[in-house]
Amino acid sequence: MSENLSRIVGERSVVVCCGSGGVGKTTTAATLAVEAARQGRRACVVTIDPAKRLADALGLDGLSNTPGRVAGDWPGELDALMLDTKSTFDALVTRYAASPEQAEGILANRVYRNMSGALSGTQEYMAMEKLHELATSGAYDLIVIDTPPTRNALDFLDAPRRLTRFLDNRVFKLLMMPTRAYMKAVSLATQTFLRTISKVVGGEVVADAVAFFHAFEGMEQGFRERADDVSRLLQASSTAFVLVTSPRRDAVEEAEFFADQLQEAGIDVDALVVNRLHPSFGNAEAPEGLGDLGRNLRDFRSIAEREEQHFQDLASRIAPAPVARVPFLVGDVHDLEGLGLVGRHLFGD
Amino acid sequence: MDVSQFCSATRLFIVAGKGGVGKTTVTATIAQMAADAALTALIIEVEGKSGIGNVFGRRDQLTYEEVDLSAAGGSGRGRVRGRTLTPDDALLEYLVEHGMKRVSKRLASSGALDVVSTAVPGIKDILVLGKVKALERANAADLLVLDAPAAGHAVTFLTSAKGLLDAARVGPIRTQAQDVVDLLADPDRCQVVLVTLPEETPVNEVIETAYKLEDQVGIKLGPLVINGVYPPLDGLDADPIDVARQAGVTLSADQARSLRDAAAFRSHRQELQAEQLRRLDEALPLPQIRLPFLFTPEVGPAELSVLAEAMAEQVARLP
């Protein structure tokens, strides 16, 4: 089983780690990338929001949006970066604008500046953009990407298209037309509608929005092509999806929901990683009559068994994809040694 | 402190914490504790998908229409009700209430809401919190328990009203933002219950969130709830072979090893937890409510009543 995960890391060129929050996704992503480096590959891990000490261990100072080398005792190479949504977006705008003036106009616009925080899916979108940028750079054999803790798998599968859909908004396109054409094209209902928006949120908001769409004019095509590229990359057979969960019911339910949506999008789950499993301490029968000692062992046996049952449905749904189990570790993982320990559970010795 | 007094100190309880720490469980526990104290609690879920139904033994998801979540044939005590309140729901209701029913459909379908909410970040949060405020004002229940979005977003969720006051200078949205700011800043109407686990990363995050909420929102912080604390167990240090001999039980080598390993694991985790609890004590001057780890991967009605009782006992001991 675990050999398969090892092969995924050894052969694929992109691994996307997905799952809900608090299930150890970042740690899993980092462990997979370390294993690739141990297999002699040039690997890069893109993390979204690592716990501070893990970030320190990976040499991420919190500001870097470009890959930094992680020193380690392996034949390959390992780079890590922490996604900075805003600077990724800024770089994208600067690169694809027709002129420096256009880029400046966009970067200064209030709607644009709010976008990184507010447009749902911007973080997912930038994660995918970063993935695309790294994948096309040719610098890596494998890119492991940790995704934002999204409920909905479509949020990132669909993320690249969101911006183009946003830019295509018909109502605001109409607003940008010259006055005479505008009067012809815009129905009475639409005018009422726009007046309503102005009334509720204030005219300046609408004016800002119009300025935003003006600023972006002509760039939609480039964004659209790029969105298609990213989609193809995600659908490619060289891309693997690793679903990460904990055995708690709510996390497993979210993972199932996720698996369903990936399936609908025609994407297979290539492996399931279950973190934070309680150990069962062998299978010798727990004796009665030994007070707290016996009770403690029975408690762990009982939860371990129920946890195992919890993800059986999910495991059989994604079969023949392998399931890797990582027990509750004695402490938090915040250094390469800790990642090595997780790796032993994911890949065997 | 008397439990019903605690539950009535503010009408609104906002439960916030990082993903995976058991925020939904704690939301349900507060509501159940209130119901056990003969109060009526309304759970409000804002993300449109949560396991809150499961906790009360129901298979269906909450809906925009309130449902009664209490066990059938309650014993004359209080009730727990539950409903969702997503931004889309809140927007629709807002438009209808402001006489804009006609455009409401178009607004939702044209994507213009996406544009507007990008231009005015936080507008969705304001719509939700504005509706919560209306429920609070209408005395919709003895207490409202709001299952807030996962932390990180929790801070944004609660600061958006202030941000909006700067952005929108006029209009009904500004009025609504002002109402929400007033509600959040009023310690007699609203408090935040932060939830965490006794583990390093969640502890770091809850400390950070607590200070941000206090500095940026000026919101009253209620007790800190720490989920999944191992109940103390004596006798973990004893040698299984000695204990077995005294009890007249014969152990195989495998059994002795299993017992010893399990005891060592638990002792070690208890020590780690104790260390994190100490850190919380030092970093946050908030009373703590510690909920026991229940050795089950799921919380259903039976577990919920254990948790509600544990919470009530500790609330009773609060000054």
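This is a predicted model: local features need pLDDT of at least 70, side-chain atom pairs count only at pLDDT 80 or more; totals for chains, interfaces and linings use all residues.
Now find helix α7 of chain A, residues 122-137. Helix α7 lies across β1, β2 (42-47) and β5 of chain A, and runs at about 170 degrees to β5(A). Two of those strands pair with each other: β1 (residues 14-18) and β5 (residues 142-146) of chain A are joined in the parallel sense over four bridges. If you want a spot to look at, A:V16 stands opposite A:I145 in β5(A).

Step back and you'll see an open sheet of eight strands in chain A, ordered β3-β4-β2-β5-β1-β6-β7-β8, with mixed pairing. Its edge strands are β3 and β8 (323-327), each pairing on one side only.

What about the packing? Nonpolar side chains tend to be buried together in soluble globular proteins. The largest nonpolar core here has 98 residues, and A:V144 is one of those that touch the most other members. Beyond its close sequence neighbours (up to four places away), A:V144 touches A:V15, A:C17, A:A29, A:L32, A:A33, A:A43 and A:V45. Apart from that core lies another, of 84 residues, including B:V21 and B:L143.

Finally, head to the loop between α3 (52-57) and β3 (68-69) of chain A, where A:G59 sits. Is A:G59 buried or partly exposed? A:G59 counts as partly exposed because 15 other C-beta atoms lie within 10 Å, whereas a buried residue needs 20 or more. Setting aside neighbours within four places in sequence, A:G59 is in contact with A:G68, A:V70 and A:A80.

Definitions and conventions. Residues are numbered from 1 along each chain as its sequence is written. Chains are lettered from A and ligands numbered from 1 in the order in which they are written. Helices (H or I, at least four residues) and strands (E, at least two) are DSSP runs, numbered from the N terminus. A residue is buried if 20 or more other C-beta atoms lie within 10 Å of its own, exposed if 12 or fewer, and partly exposed in between; C-beta atoms are placed from the backbone. Two residues are in contact if their C-beta atoms, placed from the backbone, lie within 7 Å. A nonpolar core is a set of buried Ala, Val, Leu, Ile, Met, Phe, Trp, Tyr and Cys residues joined through C-beta atoms within 7 Å. Two strands pair if DSSP finds at least two bridges between them. Axes are lines fitted to C-alpha atoms, for helices over the stretch in contact, and angles run from 0 to 180 degrees between N-to-C directions.
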